[in-house]
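Subject: Structure for you, with notes

Hello,

Here is the structure I promised to pass on. Please open it alongside this message, and my notes follow below.

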Amino acid sequence: MALPDQVKVAYSEGYDFGIGVNYASGGPKNKAVTGDISAVELAAGDIVGYQISRVTSTSEIEKALGISVEADYGLSAFVAGASARFSFAQSVKVQASSLVLIVSATVRRAFQQIDKPRLTEAASEVARNPTLFAQRYGDMFVRGVNSGGLFVGCFRLDTGSSQMSTDISAELAGSYGLFSTEAEIKFKDVQRRFRSNLSVSMYHEGGPVDLHIDGVDNPLELLQNMNKFLESFKTQPNEVSVPYSVTMAPLTIVDGPAPLNEIDLQHAQDVLIFCAKHRTALVDQVNSFQFIADHQSRFKFENGASPQEIQRASECAQSDLDLVARCASRAMNDPGEADFPNAFAAAVHEDYPRSFMPAVMPVPIPFVLAPNTMPNFVGRPADPVISLLACINMEGIDHCLSFLGPMLDVLGEEKRLFADFFFTVLRSGTQIDVRGDSSVSGSIVRSQFPPAGVEVPSTATMVFEC
């Protein structure tokens with residue numbers, strides 16, 4: 001098979017218009033091509049796209065980061081320019097018992113390329129020596145550059161089970177609900193229940209240099225940072241743009257030497273694609289096993305695999321991951337010697353595959369909050385909350401729910417949860433301090449102490465400001 005007509009990969013240091021590239025490894029060579037650089041006529045505008053979605057595998061995050069295996073023949077999975085993106089995808093640690101949502105945005109400015117590429121004078125001088133030419137210039141060249149920016153933010157909630165992740169995703173009204181104003185109260189309740197198991201992370205190329213996350217458990221900051229990222233391209237596009245992807249074309253489209261052995265090159269790319277896909281699957285396995293090994297108190301091992309078996313499964317998957325990486329490295333550095341992992345393992349006298357899935361996995365222990373854990377009252381209508389608090393301070397739960405009746409309907413199903421909480425802490429000796437007039441029409445709870453998610457001791461004083 002011939003080299004592809006065009007390949008799009010993540011930008012890597014050393015790439016520039018006309019730079020020669022080794023197709024198998026993605027490594028930059030000397031400048032091989034020259035020619036006028038121009039944008040597409042009548043297409044000088046920017047292309048902006050963004051999405052918010054739930055992901056269930058590392059490969060979905062890789063796709064959002066522009067390192068899709070299918071799109072670039074496996075090159076982006078291993079070239080140096082994609083290493084930071086892949087490291088970020090790995091750091092999210094997608095695994096079965098986590099709910100992971102991503103918010104991503106891309107800004108693509110007018111695409112520029114060399115329309116009429118020709119060999120440089122230096123490259124022309126060695127064009128009749130294919131071996132020397134390949135060593136100096138490779139077999140492809142950077143023809144076009146996409147500039148602009150890329151933003152990906154991830155929110156991960158470790159729930160303890162895949163079913164609970166699905167339930168919470170539905171509770172938040174799907175992937176978009178998490179970042180909508182209408183769902184803010186629902187989300188804050190989820191945040192209260194799972195605060196210790198929340199994490200947010202962010203990766204961007206281009207945009208403001210001062211984007212940061214103040215609260216590692218506040219995913220709303222991801223949306224705020226994405227908006228700042230997009231706004232920066234409206235106000236100062238030249239200052240915040242960076243090259244984030246390039247297109248490569250074979251040197252055979254210019255007056256150059258015959259390409260390297262195309263059959264060997266195509267086989268090497270097949271190996272790279274296989275390794276990239278297999279590596280992503282192994283990363284997800286390692287994440288799942290390691291999460292169980294690191295959080296043994298959250299799982300029941302009685303009728304399933306033991307902690308020792310889980311640790312062995314993790315080590316075996318990691319062993320396969322290391323072998324796949326070495327297999328891909330050989331395909332990149334020596335295309336003529338490329339082999340798929342089974343053959344590569346036999347050649348280096350190692351066992352493969354070693355990874356396995358235990359017959360019965362440990363069962364997650366349902367996440368249970370202490371009864372004196374402070375709910376999130378901020379933003380709630382003040383009158384029903386304070387009235388329920390005052391009633392529970394004197395009477396029983398069922399009496400207060402019946403006595404206050406329709407007034408509590410605005411609290412929905414959580415009125416029972418709030419009543420149980422008030423009864424628990426007030427009977428233990430906790431004091432209350434209500435500031436402001438909760439009976440004023442439209443009044444809401446503006447602040448609370450202790451904050452949501454904190455266990456309230458009997459010696460504390462709960463403060464509500466209306």
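How many of the residues of helix 12 are buried? Nine of its 11 residues are, so helix 12 is mostly covered; buried here means under 20% relative accessible area, exposed means over 50%, and partly exposed is in between (1.4 Å probe, protein chains only).

Before I go on, a word on the basis of these notes. This is a predicted model, in which local features need pLDDT of at least 70 and side-chain atom pairs count only at pLDDT 80 or more, while totals for chains, interfaces and linings use all residues. Residues are numbered from 1 along each chain as its sequence is written, and side-chain values use heavy atoms, with hydrogens and water left out. Helices (H or I, at least four residues) and strands (E, at least two) are DSSP runs, numbered from the N terminus.

The buried residues of helix 12 are A382, P384, V385, I386, S387, L388, L389, C391 and I392. Their cover includes helix 13, helix 14, strand 15 (431-435) and strand 17 (461-465), with contact meaning heavy atoms within 4.5 Å.

One of these residues is worth a look by itself. P384 lies in helix 12 and counts as buried at 7% relative accessibility. Leaving aside residues up to four places away in sequence, P384 touches M407, L408, V410 and L411. The C-alpha atoms of P384 and L408 are separated by 5.6 Å, although the two residues are 24 residues apart along the chain.

Helix 13 against helix 14

Two packed helices are described by the angle between their axes and the distance between the axes. Helix 13 (residues 397-404) and helix 14 (residues 414-428) pack at an angle of about 135°, and their axes are 10 Å apart. The axes are lines fitted to C-alpha atoms, for helices over the stretch in contact, and angles run from 0 to 180 degrees between N-to-C directions. Helix 13 and helix 14 are therefore oblique to each other; angles under 35 degrees count as roughly parallel, over 145 as roughly antiparallel, 65 to 115 as roughly perpendicular, and the rest as oblique.

Helix 13 passes helix 14 in a right-handed crossing, meaning that the near helix is turned clockwise from the far one by less than a right angle. On the helix 13 side the contact is made by I397, D398 and L401, and on the helix 14 side by K415, R416, A419, D420 and F423. These residues divide into four nonpolar, no polar and four charged. In that count, Ala, Val, Leu, Ile, Met, Phe, Trp, Tyr, Cys and Pro are nonpolar, Asp, Glu, Lys and Arg are charged, and the others, Gly among them, are polar.

Salt bridges

The structure holds six salt bridges, each a side-chain nitrogen of Lys or Arg within 4 Å of a carboxyl oxygen of Asp or Glu. Three of them are described here:

- R85 pairs with E205, the closest N and O atoms being 2.8 Å apart. R85 lies in helix 2 (residues 83-92) and E205 in strand 11 (residues 198-205), so the pair ties together parts that are 120 residues apart in sequence. R85 counts as buried at 2% relative accessibility, and E205 counts as buried at 14%.
- E414 pairs with R380, with the closest N and O atoms 2.3 Å apart. E414 lies in helix 14 and R380 in the loop between strand 14 (363-364) and helix 12 (382-392), so this pair ties together parts that are 34 residues apart in sequence. Both E414 and R380 are buried.
- K415 pairs with D409, with the closest N and O atoms 3.6 Å apart. K415 is partly exposed, with a relative accessible area of 27%.

Backbone details

Positive phi turns up at K93, where the value is near 60° in a residue other than glycine. K93 is in the loop between helix 2 and strand 7 (98-108) and is partly exposed at 45% relative accessibility. H349 has a positive phi of about 60° although it is not a glycine. H349 sits in the loop between helix 11 and strand 14 and counts as exposed at 73% relative accessibility.

Best wishes
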